[in-house]
Amino acid sequence: MHSTRAIGRALLALFVLSGVAGLIYQSVWSSYLGLTLGHAAYAQSLVLAIYMGGMALGAWLASRKAPDMQRLIRAYAWVEILIGMVGLVFHSVFVGYTEFSQDVVLPALHNDGLAHAWQWSTAALLIAPQSVLLGMTFPLLSGGYLRLTPGEDGQVLGGLYFTNSIGAAFGALLCTFVLLPWGGMPGAVRVAGAINVLVGVLAWGVAAAIGEGGSSIAAPAVDTVDAGRPGGLRRPRWLLLAAGVTGATSFVYELGWVRLLNQALGTTVHAFELMLSAFILGLALGGLWVRRRSSRIIDPVAATGHAQVWMGIAALISVPVFTQSFNGVAWLMGALARNDSGYLLFNLGSAVIAMLVMLPAAFFAGMTLPLLTMALLRGGHGEASIGRVYAANTLGAIVGVFLTLHALIPAIGVGLSITLAATADLVLGLLLLRYLSLVTRWVGYAMSAACGVLALAFSLQFGRPDPLAQTAGVFRTGQTRVPGQKVVFLRDGKTATVSVFEEDGGYSAISTNGKPDAAINVTGQGLASSDEITMRMAAALPLALMSRPDTIAVIGWGSGMTTATLLGSPIPKTVTTIEIEPAMHDGARLLGPKVARGYSDPRSMPKFDDARTYFATGNRQFDVVISEPSNPWVSGVASLFTKEFYGFVHRHLRPGGLLVQWIQSYEIDDRLLSSMVAALVSVYPHVDVYLTNSADLMFVARDRPLPPLVLRNLSALQGDLVEVGLRDDADFRMRRIGSERILRAFVTYTGASPHSDFHPTVSLEGPRTRFTAASSTVLQDLVINGLPVLDVLEGRQPPDPAAITYDRNSLFAERTVRAWAIVKAMRERDDRVLQVHDPDLADRVRELHGLDNGADVEFAKRWYKDVSELAGNSIGLLPADDLVGVWLNPGWRTADAPLPNAGAAVLAAFAAAASRDVAQLQPLAVQALQRLHADRDAPDQLREQMLVLAMLGAIGSRHPQQVGALESAWGDDIKVASGRYGAIRVFLQAWADNQTADRR
């Protein structure tokens, strides 16, 4: 005979696992439906609504059938097994649905409203079956458990609510931090399915072991119910209404808190799951409180009333607590090291901040459901009341989700939405205490009302966050205020909080949830911002590459400058800009004349929609698509950088059409950037990459060879382009890094796989690289390393420095001008210009000139170091003609000036590099390596330069197989890689591997 206590523990353990699986589904469904609906906020709201609605229906169905069923635990087991079986096939079903929707249904629809109706309804149907089944689990298991222990209603209900919720809190973290990195979305949803199947099998075993049977719960003794009290427990519909109201307010809180904390913690998938877990943990602890104190609760309605009042008070106080969260995040950013360990601690700190805001009110919210169920059970309404309360609560949650997203936040903002919901909870609690509790204790009632009023006043007075803190991006900057900023626009949109702020110096910027998306010099005087050249160039490249790009689509309004630049040309007939958040469009209007054409030109067609939906509806086709979304680490944005998305865009480009894709190289590492590049080149066989400023990469992709730039197409934009340093062809060519061959070698170099919708590596790892301030610099280093790497690999011709426009926002322009200053200083012994650009290099030129007589005791060491630094900052950046007199026929040294032992060999190798003589590069560089091998004065950087030149010679002479042999022969001789050329060596090996593979 099994003890009731042991059986109870087993059932509670099973419900923990069921909770784990349930939140894995919720988390993964948000990611799946985000691919259909286009934005994480919409997906999360739909998942919440359908998840809750399905559970409400399931709970209602269970409440109708359970009293007539004798084997509730066995029924629960079957339900869990069915949930698991659906979970195991969900991914395959979703893939088939997506292909059918995007390839068949949406192209046949020519009405945006019908397209949205199709998407939302079918997306709901995808998750509805499991949601209904999930809703049945609590009533069935709690009913079966209560039949075993009919006198322990509060302990059973509170225990099940606690265990399921604590499992859910763990499941959210497990999904994001373990399962998604391990197996992607398919792996995560299958693990959840397997857990459900396991729970079902074990529950079946429990039911068989106890010989389950019996009738429904008998009504309790009448002495616990004031049956004669007017408006009392004879009116269960009022308690069901209360369950609905508290369900609605709870989800106003959840969505509101997430929106608020996004501004402090950052809009990342990690931050969202930490917030979700904090909320669910509070619910779990509330259920635990009821479990432990249920036997002492005489009047469950009064306990519910007090819980409602204190939930409202805690929610009101949460808003002022949130205003202090910016300071907490600033402290974390200042105290933690910017490494992986620091990021782990940052997440822990973020969880603490989320709990401080969410947990108190969530704790009281977690008490209400078991208390209301207890009230109905003790009122003689039987075990059917379990499902009815659960259904009413979840229906209320649906109302709360849609009310918050589509009405409250757009109308009154996030903070006031929380305040309104908290006031509703206060009123509900007082009504329960006054009209539905057994006894109204007037002193306690008055004190509760007074505390509520004080909390409301406190929240209204101290709950207004500082707009400067909201726009400071403290999760990136570590500052709660940026000096010189002034907020001129701040609006809570449906998906994000958008702000526009002015800065000292005449710059204005627009940001989303505190993350700046674009900055503009609105005065028109002085230096343009680094963002402006990116946006101008995004518009200019397709106009210069295509003769008649009539229809252009821009993904992401941002500042509106890309759209405005396109409209400055008479060539496009329509420019359609797809933006999912209308507040972005409204805020950018304040950025002034530079973006005005986007609002006034009749060819401008802003569309507030998701790009996938808009493109697919009616099978819209374009000549050019320019994709400039937010940073990939922002939750939901990474799906615009996947092989599936690039393939989707390709189907909506006319023959020969162009995709222009922006990707940043800051706050990201080489592997993550390379995974997005791999996705791009896996779809488009022809891709060129440009560096617009110092960190923004612009990719131009096509299914056929890219033509040369035709700058006469840009004549109407001359004023706009000159403003950002794009005067003529040399300025464009200078910014070009290379073609798809360079990018494929970059992918081989990192070993990255193409980024996929279903394996969201970037959204999972991007927040970490943002925190650690990582940078991907390999593509830039191919140009600025100072050796003719791209000249040999791709025939790149460095621009004449006299022909380019100096722009300190452009890394390549700055390095080219500096290289020219080095040459002038060495050739003419005049370092005044170089002193302005780089005083350290000017000192090296002066020192090198002073070493002519060889009298310095460290002559060889200094000579090698100076020559290495100066060559490594000039040769590859200038054409051969500009290197005459310096590295070709050097005139900076006299014929009889002494040289170190390997000096002549080093200069000969550098001369071959300067003249781009690939036939001589390898033998001369190897000769220099042989001489340097025995010279202890030679720095590792110089040895590494010679090794790189030898590799380039092997590649240029069409002997790529020798690159690996050179690395094996000389790599170990370089004791400590300089850091500057180590990545170049690995890249050249990757290039050689690709060449060798292509020949097979």
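Helix H6 and helix H8 (residues 300-335) have axes that come within 10 Å of each other and cross at roughly 5°. Helices (H or I, at least four residues) and strands (E, at least two) are DSSP runs, numbered from the N terminus. Axes are lines fitted to C-alpha atoms, for helices over the stretch in contact, and angles run from 0 to 180 degrees between N-to-C directions. H6 is therefore roughly parallel to H8. Angles under 35 degrees count as roughly parallel, over 145 as roughly antiparallel, 65 to 115 as roughly perpendicular, and the rest as oblique. The model is predicted: local features need pLDDT of at least 70, side-chain atom pairs count only at pLDDT 80 or more, and totals for chains, interfaces and linings use all residues. Residues are numbered from 1 along each chain as its sequence is written, and side-chain values use heavy atoms, with hydrogens and water left out.

On the H6 side, the residues that meet H8 include Leu239, Tyr253, Trp257 and Leu265. On the H8 side, they include Val301, Met311, Phe322 and Val329. Contact means heavy atoms within 4.5 Å. By class, the contact of H6 with H8 has 13 nonpolar, eight polar and no charged residues. Ala, Val, Leu, Ile, Met, Phe, Trp, Tyr, Cys and Pro count as nonpolar, Asp, Glu, Lys and Arg as charged, and the others, Gly among them, as polar.

H6 (residues 236-265) also packs with helix H11 (residues 414-436). Their axes come within 9 Å and cross at roughly 155°. This makes H6 roughly antiparallel to H11. The crossing of H6 with H11 is left-handed. A crossing is left-handed if the near helix is turned anticlockwise from the far one by less than a right angle, and right-handed if clockwise. Among the contact residues are Trp238, Val245 and Arg259 of H6, with Ile418, Asp425 and Leu436 of H11. The residues of this contact divide into 16 nonpolar, four polar and two charged.

A further helix pair is H31 (residues 859-871) and H34 (residues 940-956). The two axes come within 9 Å and cross at roughly 50°, so H31 is oblique to H34. This crossing is left-handed. Tyr864, Ser868 and Glu869 of H31 make the contact with Gln941, Leu942 and Gln945 of H34. By class, there are two nonpolar, three polar and one charged residues.

Turning to the strands, four of them form an open sheet in the order E1-E2-E3-E4, with antiparallel pairing. Two strands pair if DSSP finds at least two bridges between them. Strand E1 (486-492) and strand E4 (515-521) stand at the edges with a single partner strand each, so one side of each has no neighbour in the sheet. The twist averages 15° from one strand to the next. E1 and E2 run antiparallel and are joined by six bridges. They form a hairpin with four residues between them. Asp492 stands opposite Thr497 in E2. Six bridges also join E2 (residues 497-503) to E3 (residues 507-512), again antiparallel. Here Val498 stands opposite Thr512 in E3.

Another open sheet has eight strands, in the order E7-E6-E5-E8-E9-E11-E10-E12. Its pairing is mixed. Strand E7 (604-607) and strand E12 (736-738) are at the edges; each has a single partner strand, so one side of each is left without a neighbour in the sheet. The twist averages 20° from one strand to the next. E5 (residues 551-555) and E8 (residues 622-627) run parallel and are joined by four bridges. Val554 stands opposite Ile626 in E8. Helix H15 (residues 530-545) lies across E5, E8, E9 (653-664), E10 (686-691) and E11 (696-702). H15 runs at about 15° to E11. Helix H24 (residues 740-750) packs on the sheet too, touching E10, E11 and E12. The direction of H24 makes about 85° with that of E10.

The mean pLDDT is 88, and 94% of the residues reach 70 or more. The pLDDT is the predictor's confidence in each residue, from 0 to 100. Over residues 215-234 the pLDDT is below 50. Beyond near neighbours in sequence, this stretch has 35 contacts in the model.
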